[in-house]
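Subject: Structure for your review

Dear colleague,

Please find below the structure that I am handing over to you. My findings follow it, and I would be grateful if you read them with the structure open.

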Amino acid sequence: MIKVFLVEDEVIMREGIRRNIDWEAEGFEFVGEAGDGELAYPLIQKSRPDILITDIQMPFMDGLELSRLVKQEMPKIKIIVLTGYDEFEYAREGIDIGITDYLLKPIASAKLLEAVKKVGQMVMEERTEQKNSDRERLENLQIARQKFFRGLVLGKKQASALLNEGREIGMDLVADRYNILLFQIFSGQDTRENTEEYNAAATEIREKAESLTEILMVELGIEGWAFIVMEKGEVSLEEIQKTLVDTLCDTLADYGNITYFGGLGIPVGRLSEMNQCYEEASHAFAYRYLEKQNQIVSSSQLPDLSDTKEEPDLESLEVDKLDRKAVERFLKTGLKGEVSGFVDGYFAGFGEKNIESLLFRQYVIMDMYFAAVALLEELGYGAEALGKRCGKVQDMATAFSSIESNKKYLKDILEAAIDLREGVSQKKYHSLLEEAKSYIRQHYEDEDISLNVVAASVNLSPNHFSSIFSQQEGQTFIEYLTAVRMEKAKELLRTTAMKSSEIAYAVGYKDSHYFSYLFKKTQECTPGEFRQQV
């Protein structure tokens with residue numbers, strides 16, 4: 001509701017205004033009243049109204065002095081001045097202060113309510129515009145942080161450059177030690193499904209993580225989150241990591257249909273070593289296809305095959321250790337960058353006896369090859385599609401005499417299958433994105449249009465939609481929406497005599513100043529200058 005505060009020294013008039021208008025029924029909350037500005041000021045500070053109705057002529061502190069004080073502290077407040085003095089000087093001073101409306105006493109309740117409703121509409125429009133602006137800033141910040149993180153873990157930038165870039169997007173990376181936790185949650189059979197429980201869990205994770213000190217959170221879209229853990233003072237990195245892990249696990253314990261998995265890297269002491277930390281975290285994170293859900297695995301916990309040197313025993317080979325479901329899960333949702341970690345982890349689960357058997361390794365290759373073929377056939381590819389990329393497994397299996405050559409071929413199989421899978425996904429996403437862009441072009445003038453609304457129109461979660469939109473279109477949702485609105489604005493400037501404020505409203509901006517700012521930013525000239533050029 002919109003909050004209203006009244007300051008009037010005439011008791012009868014003050015009570016009449018309060019009683020003769022059914023504020024709540026009209027959509028307002030009457031939050032207080034006072035007989036002069038001096039008494040009103042502390043009450044206004046406490047109640048923080050959206051609209052202040054005040055008389056001018058009052059004892060101790062008049063309405064203009066009160067308005068000046070209130071505007072300094074709450075610049076967005078709307079002020080309606082009531083006065084019995086029809087003098088231009090008062091009106092001019094009120095305009096200089098930033099008073100919204102100026103009404104002469106005596107005034108009927110119906111006339112006052114009409115003025116308050118008009119001002120209330122301005123408040124609602126500003127709230128909507130602020131909400132849209134905040135949403136735009138948040139989305140742009142998330143994208144900036146994601147790009148920064150990708151650059152950070154590549155390990156190709158100087159520490160000074162990373163520190164400066166981080167500060168620009170609110171990420172203070174000055175610390176003694178660092179680590180990275182990669183984390184993802186899953187809902188039912190489809191991690192991208194836009195379920196209420198999934199979104200509620202994701203929101204709570206963000207809120208809890210943001211409240212933790214020495215933790216920086218980066219949204220990775222459909223890949224989940226990356227948490228940068230930092231040791232800055234007396235609290236050790238290990239303690240901070242434990243707090244983060246406990247917080248994530250405890251939070252998700254309340255969501256019965258949500259599962260999760262995390263991969264923790266190794267601590268490093270330099271920003272330039274963050275790529276090593278990320279590689280280890282990614283390796284551990286790839287185990288989400290091999291291990292049970294609802295756990296966070298550290299790279300230091302992963303098995304090391306080099307420790308075992310037992311001779312292979314063919315009679316003890318355990319073919320049941322082949323996990324076809326893990327392979328199928330990875331083929332359906334794994335990323336190309338995770339292939340190496342997945343294959344290493346998959347081999348690690350077999351045990352040394354199995355791995356040292358050439359027969360067993362050939363069996364593994366055949367099993368994974370045919371799992372990949374089965375998936376690709378489901379997607380509409382012919383059985384020969386994988387063979388064209390990797391060679392027919394029947395012709396090549398006997399040629400792989402070493403463990404490393406076996407692993408390399410398996411990685412080639414998975415990478416080829418993922419490339420082909422992504423080709424199908426891109427076609428599917430192309431259709432969805434065309435539908436989404438069509439929706440934007442049809443509803444660009446709606447003030448309530450947002451990433452969430454458009455994502456829902458194509459049945460995708462906001463995070464997933466944001467990620468694929470940016471990847472496929474090469475620009476963010478907000479950038480595309482702004483471009484559509486600017487093109488329509490230019491059309492109206494060329495073909496109509498509409499005022500700039502009218503055009504702003506027509507293309508979805510309720511604040512004409514914000515529209516003019518965006519127009520100049522994107523078109524490198526003001527709306528007026530553009531019209532003159534035309």
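Of the 534 residues of the protein, 47% count as buried. Please keep in mind that this is a predicted model. The fold comprises 22 helices and 10 strands.

I begin with strand 3.

Which strands pair with strand 3? One partner is strand 1 (residues 2-7), which runs parallel to strand 3 and is joined to it by 4 bridges. Within this pairing, Phe5 has Leu52 of strand 3 as its bridge partner. Another partner is strand 4 (residues 78-83), which pairs with strand 3 in the parallel sense over 5 bridges. Here the bridge partner of Ile51 is Lys78 in strand 4. Strand 3, helix 3 (residues 63-73) and strand 4 together make a right-handed β-α-β unit.

The loop between strand 3 and helix 3 contains Phe60. Most residues other than glycine have a negative phi. Phe60, however, has a positive phi, near 70°, and is not a glycine. Phe60 counts as exposed because its relative accessibility is 70%, and the cut-off for exposed is over 50%.

Glu524 also has a positive phi, of about 65°, although it is not a glycine. Glu524 is found in the loop between helix 21 (512-523) and helix 22 (527-533). With a relative accessibility of 72%, Glu524 counts as exposed.

I turn next to helix 7. Helix 7 (residues 196-210) has 15 residues and reaches 21 Å from its first C-alpha to its last, close to the 21 Å expected at 1.5 Å a residue. Its buried residues are Tyr198, Ala201, Ala202, Ile205, Arg206 and Ala209. Seen down the axis of helix 7, these buried residues fall within an arc of 135°, so they line one face of the helix. An α-helix has 3.6 residues a turn, so residues three or four places apart point the same way. The face of helix 7 turned away from the buried side carries the exposed residues Glu196, Glu207 and Glu210. What do the buried residues of helix 7 pack against? Their neighbours include strand 6 (177-187), strand 7 (215-219), helix 8 (237-252) and helix 18 (462-473).

Two further residues complete this report. Lys156 lies in the loop between helix 5 (109-154) and helix 6 (159-168), and at 73% relative accessibility it counts as exposed. Lys156 and Ser272 are 116 residues apart in sequence, and their C-alpha atoms are 7.8 Å apart in space.

Ala506 belongs to helix 20 (residues 500-506). Ala506 is partly exposed, with a relative accessible area of 29%. Leaving aside residues up to four places away in sequence, Ala506 touches Tyr444, Glu445, Leu492 and Met498. A distance of 8.1 Å separates the C-alpha atoms of Ala506 and Ala489, which are 17 residues apart along the chain.

Yours sincerely

Technical notes. Residues are numbered from 1 along each chain as its sequence is written. This is a predicted model: local features need pLDDT of at least 70, side-chain atom pairs count only at pLDDT 80 or more; totals for chains, interfaces and linings use all residues. Side-chain values use heavy atoms; hydrogens and water are left out. Helices (H or I, at least four residues) and strands (E, at least two) are DSSP runs, numbered from the N terminus. The expected span of a helix is 1.5 Å times one less than its number of residues. Buried means under 20% relative accessible area, exposed over 50%, partly exposed in between (1.4 Å probe, protein chains only). The arc is that of the directions from the helix axis to the C-beta atoms. Contact means heavy atoms within 4.5 Å. Two strands pair if DSSP finds at least two bridges between them. A crossover is right-handed if, with the strands pointing away from the viewer, the path from the first strand over the helix to the second runs clockwise.
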